[in-house]
Amino acid sequence: MNTPKKRNFKIEAFKHRVEVDPKYAEKTWKVLEHAIHEIYNHNASGLSFEELYRNAYNMVLHKFGDKLYSGLIATMTLHLKEISKSIEAAQGGLFLEELNRKWGEHNKALQMIRDILMYMDRTYVSNNNKTPVHELGLSLWREHIIHSENIRSRLLNMLLEQIYRERTGEMLSDLGPSVYQEDFEKPFLEVSASFYSGESQQFIECCSCGEYLKKAERWLNEEMERVTHYLDPKSEPKITSVVEREMIANHMQRLVHMENSGLVDMLVNDRYEDLGRMYSLFRRVPDGLSTIRDVMTSHLREKGKQLHLLDEKDKYDKIIGSSFNNDKTFLNALTSSFEYFINLNGRAPEFISLYGVSEEDVEAVLDKVMTLFRYLQEKDVFEKYYKQHLAKRLLYGKTVSDDAERSLIVKLKTECGYQFTSKLEGMFTDLKTSQDTMQGFSAGQGPEAAGEGPAIVVQVLTTGSWPMQPSAACNLPAELLPVCERFRAYYLGTHTGRRLSWQTNMGTADLRVAFARNQRHELNVSTHQMCILMLFNSADRLGYREIEQATEIPAADLRRCLQSLACDVGDDDAFFVNDAFASKYYKVKIGTVAAQKDSEPEKQETRQRVEEDRKPQIEAAIVRIMKSRRVLDHNNVVAEVTRQLQSRFLPNPVVIKKRIESLIEREFLERDKADRKLYRYLA
């Protein structure tokens, strides 16, 4: 197969020289110049833009771009000088209207001229680093119109006056971006700052805080709207910053502390709308929100001791939610404030443990109790008191409902873990077990035994679960001893390895008493009161010493029991039954004179028990930390122990140091020989 032979083609230059008319450039420019004049004179409708574009194209193509560009500058300059005279001649309010009208006409002319000279823009302008046609027109406008001595100062004054009039309730012209920024915006911002400085001073003297904030909010919105309608969008952050500084930042302290209307007044009187407005305005300026937080925190801490804590917590939660946008920094400040003043009072754990609740609002109150509980630093002290109060409520049947008590224990368990509530749960377990035990005991006695002598209901309490200190038993009445012994035998027969001791300082009894004139009553008394009253079955009159010897009730308890039965008591007094006793009720409850609550020795004893209970917890934490880290300096040990135990209490650094010394003595730890502040764990 034969391959076709390649042929090379050569294109030769056109040999006939094209001659250009020497007057071509001038003639063509005259056509274009005439067109530009017609455009500025509003006679563009008769022009052929296609022909004009072709003429401009040919001038550039034939290397007459310089002539075209310089001619354009001269022609536009000529027209702008005429426009300048027209604007200068306008008087009063017509000045801005004429300026705006001429600016619109110039812009429209520029668009047409740019379309005609598009080829020059694309080639000649870019190749020779010239200013594009449109930008050239704007630059010439600024030079011959805006920077004209007779226009510039007059324009600025009138624009600022227009804005002032618009602000005070009584429009602006489009100047072009570079003119706007260089010649208008800076003076505009300066005048605005002066305006709002004066207005703020005037209104803060005569308005309440709430009214002032409304005006500031309105002015701020108006400025943003004014920017939307009249000004460059880039001016918005600048003018709003001016308003924020002059109206808010410069007056923050005075506003929040304003008497009878400032922040504290808003908080006290639940003015949620005003609080929300203050929050939204203050958040716009530096340190605005911290100013509100500081005043709120100061107010809470100052008034903390007087507050009804549960209600106040609800109130401030609502304020932060509805007015402060659930701001986390405010929630933290609220938590910090409540934690501060709750822990100021050393008896706060006891007070919170004495919560009151009705059947209707159980969950709501318990949730509030848990909220306050979380603020407590000494949760172990709360545990001590709560355990004491719960024990009394359970043993004396004073609980609103067992469900309410169990519900709080579940919440405490969720918050603090099983160890915190194990003994509390043990109390309920004991009561349930006691019910089962009594059913078994009663069933085993038979009908004959049930009819003999008094009946008893026994609650068997596990020593470690209940907070009461063991008390020496008094001498029970002889009538009770047989049934008590039967119960002891039954219980020890069904539970091996256990020991029972009667807690006669607790418990109650129902006594049927026959008084004179056939007056019969059933008296509800304490166990100690029962022991005293039963003595009078075999004696008409007994002295104080005789009762003390017969019952062996501790002196303080005996005196309180006799006071409740016979009023004033002396060591030499004698007592007898008042046969004339009468009451309209068959069942009569005889109270016991309460021991002085929380006497100083008792408070010291409770505190000492708490401190003793803390020691093994602190030591256990130290050992856990050192076992994990092996070597650690003193400050870090203290910090880690505090972090681990702060959910129950804040350990004292001095106590931590003592526990470290104790562990060193017992060879759990040792000091580093080179650095005494460094501890080493001994396996």
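Where is the place of Arg 630? The first legend gives the answer.

**View 1. Arg 630 sits in the loop between α26 (600–629) and β6 (631–633).** This is a predicted model, in which local features need pLDDT of at least 70, side-chain atom pairs count only at pLDDT 80 or more, and totals for chains, interfaces and linings use all residues. Residues are numbered from 1 along each chain as its sequence is written, and side-chain values use heavy atoms, with hydrogens and water left out. Helices (H or I, at least four residues) and strands (E, at least two) are DSSP runs, numbered from the N terminus. Arg 630 is not a glycine, yet its phi is positive, near 70 degrees. With a relative accessible area of 41%, Arg 630 is partly exposed; buried means under 20% relative accessible area, exposed over 50%, and partly exposed in between (1.4 Å probe, protein chains only).

**View 2. Asn 325 lies in the loop between α15 (309–322) and α16 (328–344).** Here is another residue other than glycine with a positive phi, near 60 degrees for Asn 325. Asn 325 is exposed, at a relative accessible area of 53%.

**View 3. Helix α24 (residues 544–551) has Tyr 544, Ile 547 and Thr 551 as its buried residues.** These residues cover an arc of only 65 degrees around the axis, so they are on the same side of α24. The arc is that of the directions from the helix axis to the C-beta atoms. The buried residues of α24 pack against α23 (527–534), β3 (541–543), α25 (555–566) and β4 (574–576). Just after α24, look for Glu 552, with a positive phi of about 55 degrees.

**View 4. The largest nonpolar core has 70 residues.** Such a core is a set of buried Ala, Val, Leu, Ile, Met, Phe, Trp, Tyr and Cys residues joined through side-chain atoms within 4.5 Å. Helix α18 (residues 362–375) gives the largest share of this core, eight residues. The core lies between domain 2 (176–344) and domain 3 (348–445 + 456–468), because both give residues to it; the domain bounds come from an automatic or database domain assignment. Among the residues with the most contacts inside the core is Phe 282. Leaving aside residues up to four places away in sequence, Phe 282 touches several residues, including Leu 213, Ile 248 and Met 252; contact means heavy atoms within 4.5 Å.

**View 5. Asp 380 is found in helix α19 (residues 379–395).** Asp 380 is buried, at 4% relative accessibility. Not counting residues up to four places away in sequence, Asp 380 touches Val 610, Arg 614, Arg 648 and Phe 649.

**View 6. The count of disulfides comes to zero.** A disulfide is a pair of cysteine sulfur atoms within 2.5 Å. For Cys 207, the nearest cysteine sulfur is that of Cys 206, 3.9 Å away. For Cys 561, the nearest one belongs to Cys 531, at 8.9 Å. Cys 207 is buried, with a relative accessible area of 13%, and Cys 561 is buried too, at 3%.

**View 7. The protein averages a pLDDT of 83.** This score is the predictor's confidence in each residue, from 0 to 100. Confidence is lowest in helix α7 (residues 149–167), with a mean of 69, and highest in helix α13 (residues 272–282), at 93. Over residues 13–18 the pLDDT is below 50. Where pLDDT is low, the predicted coordinates should not be read in detail.
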